[in-house]
Amino acid sequence: MIKGNLVGLRAVEKDDLIYLRDWRNLQSFRKNFREVRELSLKDQEDWYDALQKTKHINYMFTIVDLETNIPIGAAGLLYINWVIRSADFSFYIGDNSKYIGNDGITEEASQLLINYGFKNLNLHKIWMELYEFDKKKIDFFVKKFSFQQDGLLRDNCFEDGKYWNSLIISLIND
């Protein structure tokens with residue numbers, strides 16, 4: 001386990017899948033993910049099985065509260081490109097439907113994952129795609145960690161009867 005003061009990151013276990021499914025199916029969360037359909041437990045099990053086969057490029061973690069050892073979110077470095085040393089950053093706090101909270105947990109868990117990516121995996125770039133309406137997450141990563149916008153994908157999401165742009169933001173390990 002990768003430990004901080006408040007939270008730790010550990011490998012996703014099958015017992016975590018119910019939590020992940022329930023969090024991913026929250027309407028307020030689901031609109032922010034590339035996969036927008038309602039997920040079943042079988043969908044989560046299939047995802048977990050695929051994850052086991054792609055561990056060399058997908059490092060997915062359950063965020064746990066260190067006091068209780070209860071899962072509170074999920075985070076990962078995905079689709080790692082070992083040639084250019086980049087990874088897609090995936091992150092949310094599902095506990096109490098926080099998504100991105102302001103209690104220090106989000107910041108610590110994010111920092112743990114960023115440090116792991118840069119210091120342990122020797123990544124050069126960590127990036128993410130966020131929809132323009134996901135202002136809370138965009139503001140958090142830009143202000144707290146100095147992610148910068150790399151690109152814009154026009155009309156790349158359809159939500160609530162409207163097309164939205166995707167922002168590609170990244171952090172470079174200098």
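Exposed means over 50% relative accessible area, buried under 20%, and partly exposed in between (1.4 Å probe, protein chains only). The model is predicted: local features need pLDDT of at least 70, side-chain atom pairs count only at pLDDT 80 or more, and totals for chains, interfaces and linings use all residues. Residues are numbered from 1 along each chain as its sequence is written, and side-chain values use heavy atoms, without hydrogens and water.

Which residues of H3 are buried? I noted Gln44, Tyr48 and Leu51. They sit on the same side of H3, because they cover an arc of only 60° around the axis; the arc is that of the directions from the helix axis to the C-beta atoms. An α-helix has 3.6 residues a turn, so residues three or four places apart point the same way. I then looked up what covers the buried residues of H3, and the cover includes helix H1 (17–24) and strand S3 (59–65). Contact here means heavy atoms within 4.5 Å.

Next I turned to strand S6, residues 125–131, where 5 of 7 residues are buried. Helices (H or I, at least four residues) and strands (E, at least two) are DSSP runs, numbered from the N terminus. I found S6 joined to strand S8 (residues 162–172) by 7 bridges, antiparallel; strands pair if DSSP finds at least two bridges between them. In this pairing, glutamate 129 stands opposite isoleucine 168. With strand S5 (residues 86–93), S6 pairs in the parallel sense over 3 bridges. There I saw aspartate 88 opposite tryptophan 127.
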